[in-house]
Amino acid sequence: MNVHDSERLAGLLEDAGYVRAPEGADAADVVVFNTCAVRENADNKLYGNLGHLAPKKAARPGMQIAVGGCLAQKDRDTIVKKAPWVDVVFGTHNIGKLPVLLERARVQEEAQVEIAESLEAFPSTLPTRRESAYAAWVSISVGCNNTCTFCIVPALRGKEKDRRPGDILAEIEALVAEGVSEITLLGQNVNAYGSDIGDREAFSKLLRACGKIEGLERVRFTSPHPRDFTDDVIAAMAETPNVMPQLHMPLQSGSDTVLKAMRRSYRQERYLGIIEKVRAAIPHAAISTDIIVGFPGETDEDFEQTLHVVREARFAQAFTFQYSKRPGTPAAEMDGQIPKKVVQERYERLVALQEEISWEENKKQVGRTLELMVAEGEGRKDDSTHRLSGRAPDNRLVHFTKPDQEVRPGDVVTVEITYAAPHHLLAEGPVLDVRRTRAGDAWEKRNAEKAGTPAQPAGVLLGLPKIGVPEPLPVAASGCGCD
């Protein structure tokens, strides 16, 4: 969601006449931070970066710094007090105001802090600068109606607001016309889609409608909630060919006691029942999850229940987080805060177990013939290994031998899996087939256009955090994992 918002911010500013600062350049006239508030380290990282920029701004008259997103929504005036050299602070509901706020700050020569309390315009109505020519995010809702005790997001993003299905499908069709062949439907609680428009089956209907869009090869979605994951969604996934056999289903804890304290509306039996139904309908589905370790009051027995679910569910991947206390959430005030040493020990045991399971599940892929969508920038060692990388339908990362013929990001190759590691697969034999696609054409066209642009464009240079299709998250990270 934050990456997609960053694409909107880049599109807005370029639409207003700004141009991207060259990669690695240290001379941006405008620097924009789009922030998250889920974990405490986001706060620390922001203020560290702002401190790093202070002397650069002092030495560069006219330079502007803007801070937006969830942390800006939460901290508001605090940001300007801690970092008075910041020019603009804007929230999650009014990202469309950024160009105006920058101009106002420039004219008035004082910081502009504007935080809207409700959504002014659905983000997808704003211009976008997508980093990928072949894959795109599509927001179907913003906000969340859940009240999880560890999560600050609903307080910052507001209640769920759904887009109309026709608007969503029109955006997808426009993206496909530009060459996009893979879309990911986004929502804070994506499968609750329809609650705002009064249709409990709206999400499954949307998946089926995506299946009718000619040229759309892959459909994914994130992140769902077990409470709203109904049988009609499972059926739509199984029966719609371009909906990929991949599911990210946040668990958070395997303990019924902890789930109740988290105010999660499902229990272990319900969760495992969903996993069983998905596997029955989609045998090759890769299922990933989020897990929080060390939630207040978690006992050794509670943690063992989490390990039990991990063993039963056999996740392909798990994003594991140490509980992070967030001021303003009920969990921050709960008794039974767990000592760091205990949380760390449990966390390491969970990571070790999941690492073992991920490897075992990946080994089951050896010998399978898979179609991969060639990816850009996902294989960090591709140059040295003379390989390319791509994503299987279930989203597993596969590194494959570079064929003699040209293969572009967005093209599709067929390979046989020969080796499995915990976090990737290898196809060491020759590529069995290469299918050139409209998505590959779009990538080629975009790069040809880039090659024809001047290295030092005229205009105001814009600095943004890296955006576009993100690299896969690490299996183990510190934080709370809010979904």
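**Salt bridges and cores**

Reply: Let's start with a pair: aspartate 29 and arginine 60 join their side chains in a salt bridge, 2.8 Å from N to O. The term means a side-chain nitrogen of Lys or Arg within 4 Å of a carboxyl oxygen of Asp or Glu. Keep in mind that this is a predicted model, where local features need pLDDT of at least 70, side-chain atom pairs count only at pLDDT 80 or more, and totals for chains, interfaces and linings use all residues. Residues are numbered from 1 along each chain as its sequence is written, and side-chain values use heavy atoms, with hydrogens and water left out.

Me: Why does the pair of aspartate 29 and arginine 60 tie together parts that are apart in sequence?

Reply: Aspartate 29 sits in the loop between strand E1 (19–20) and strand E2 (30–35), while arginine 60 is in the loop between helix H2 (40–58) and strand E3 (64–69), so the bridge ties together parts 31 residues apart in sequence. Helices (H or I, at least four residues) and strands (E, at least two) are DSSP runs, numbered from the N terminus.

Me: And aspartate 29, what's its relative accessible area?

Reply: 21%, so aspartate 29 is partly exposed. Arginine 60 is partly exposed too, at 27%. The cut-offs: buried is under 20% relative accessible area, exposed is over 50%, and partly exposed is in between (1.4 Å probe, protein chains only).

Me: What about lysine 57, which side chain does it meet in a salt bridge?

Reply: That of aspartate 87, at 2.5 Å from N to O. Lysine 57 is in helix H2 and aspartate 87 in the loop between helix H4 (77–82) and strand E4 (88–90), so to speak distant parts of the chain, 30 residues apart. Both lysine 57 and aspartate 87 are buried.

Me: How many salt bridges does the count come to?

Reply: 27 by this rule. There's also a network of them linking Arg314, Glu360, Glu361 and Lys364.

Me: OK, switching to packing. How many residues are in the largest nonpolar core?

Reply: 66, and Ile172, Leu185, Leu207 and Phe229 have the most contacts inside it. Helix H13 (residues 340–363) gives the largest share of this core, 6 residues. A nonpolar core here is a set of buried Ala, Val, Leu, Ile, Met, Phe, Trp, Tyr and Cys residues joined through side-chain atoms within 4.5 Å.

Me: Which residues does a second, separate core include?

Reply: Among its 23 residues are Ala28, Leu53, Ile115 and Ile152.
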